[in-house]
Amino acid sequence: MQAKIIAIVARDRNNIIGANNDLPWRLSSDLKRFKALTMGKPMIMGRKTWDSIGRPLPGREIIVLTRDTLFHAEGAHLAATPAQALATAQRLAKMMQTDEIIIAGGGDIFRAFLDYTDRIEITEVALDTDGDARFPDLDLSQWEKIHHELPARGPKDDADFHYVTLERRRKL
Ligand SMILES: NC(=O)c1ccc[n+]([C@@H]2O[C@H](COP(=O)([O-])OP(=O)(O)OC[C@H]3O[C@@H](n4cnc5c(N)ncnc54)[C@H](OP(=O)(O)O)[C@@H]3O)[C@@H](O)[C@H]2O)c1
């Protein structure tokens, strides 16, 4: 069976997800949730997001998308096209005995994989930030909200936020 494709994103009120190759906010609670949602799974990310993290993430296998054939990412897999990234991710998912592949961003990568994405885990951040990376606009007729959660804001969270899970509507 093919693993499902799950995008995980934190976005502000205007769909901004990044600024100067970093996150525009610090949300410790959300980072903990990201870790829990991704542990034991293959993750696909863009080269710029890989650069901003700067290291492998324990317990996860990272596939870095880049067109640079000379690029080297210590401790990660490389892919030159979205199709190649998905093939590697499916193979790793079998090895890791998981039925989920994570699309971890950034903007280019969320866009490139949107048509393949089965579910989106969104952290809606209650901020209006200035940024240069955006999550793609969603056609909401294609997505159904299946979960909504209002977590408590912790002391290390820059803003209020809530979690929304969208699932792709199946064609009848
Ligand atoms: N808030 C969130 O949830 C979240 C999550 C992740 C990242 N971010 C933020 O998003 C920003 C980065 O996003 P971004 O859109 O600038 O960059 P990105 O998506 O992380 O990476 C873009 C790079 O991926 C490679 N790439 C893109 N499409 C490709 C394709 N079709 N085939 C092969 N390679 C491809 C290219 O690498 P080469 O240039 O090497 O060829 C491209 O420059 C940062 O600010 C980061 O902090 C936010």
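Predicted model: local features only at pLDDT ≥ 70, side-chain atom pairs only at ≥ 80, totals over all residues.

Trainee: What makes Arg-47 and Asp-51 a salt bridge?
Mentor: Their closest N and O atoms are 2.9 Å apart. The cut-off is within 4 Å, so the pair counts.

Trainee: How far apart are Arg-47 and Asp-51 along helix H2?
Mentor: They are four residues apart in H2, which covers residues 47–53. That means about one helical turn separates them.

Trainee: Why is Arg-47 called partly exposed?
Mentor: Its relative accessible area is 31%. Buried needs under 20% and exposed needs over 50%, so a value in between is partly exposed. Asp-51, with 37%, gets that label too.

Trainee: How do you know that Arg-26 forms a salt bridge with Asp-22?
Mentor: The closest N and O atoms are 3.3 Å apart. The limit is 4 Å, so the pair qualifies. Arg-26 is partly exposed at 44% relative accessibility. Asp-22 is partly exposed at 38%.

Trainee: How many salt bridges does the structure hold?
Mentor: Eleven. Another one joins Glu-100 and Arg-119, with closest N and O atoms 3.3 Å apart. This pair links distant parts of the chain. Glu-100 lies in strand S6 (residues 100–103) and Arg-119 in strand S7 (residues 119–125), 19 residues apart.

Trainee: Are Glu-100 and Arg-119 buried or exposed?
Mentor: Buried. Glu-100 has 15% relative accessibility, and Arg-119 has 19%. The label needs under 20%, so both values pass.

Trainee: What makes S7 largely enclosed by the rest of the structure?
Mentor: Seven of its seven residues are buried. Arg-119, Glu-121, Thr-123 and Val-125 point one way. Ile-120, Ile-122 and Glu-124 point the other way.

Trainee: Which strands pair with S7?
Mentor: Strand S1 pairs with S7 in the parallel sense, over six bridges. S10 pairs with S7 in the antiparallel sense, over seven bridges. At least two bridges are needed, so both pairings count. Ile-6 stands opposite Arg-119 in S7. Glu-124 stands opposite His-162 in S10.

Trainee: What is in the largest nonpolar core?
Mentor: It has 27 residues. Those with the most contacts inside it are Ile-44, Ile-103, Phe-113 and Ile-120. Elements giving two or more residues include S1 (4–11), helix H3 (82–96) and S7. H3 gives the most, with five residues.

Trainee: Which residues is Ile-44 in contact with?
Mentor: Beyond its neighbours within four places in sequence, its contacts include Ile-63, Leu-65, Ala-89, Ile-103 and Phe-113.

Trainee: Which residues does the second, separate core include?
Mentor: Ile-6, Trp-50, Leu-57 and Ile-102 are among its 13 residues.

Note on methods: Residues numbered from 1 in each chain as written. Heavy atoms only, no water. Salt bridge = Lys/Arg side-chain N within 4 Å of Asp/Glu carboxyl O. Buried < 20%, exposed > 50% of the residue type's maximum accessible area, 1.4 Å probe, protein only. Core = buried A, V, L, I, M, F, W, Y, C linked by side-chain atoms within 4.5 Å. Contact = heavy atoms within 4.5 Å.
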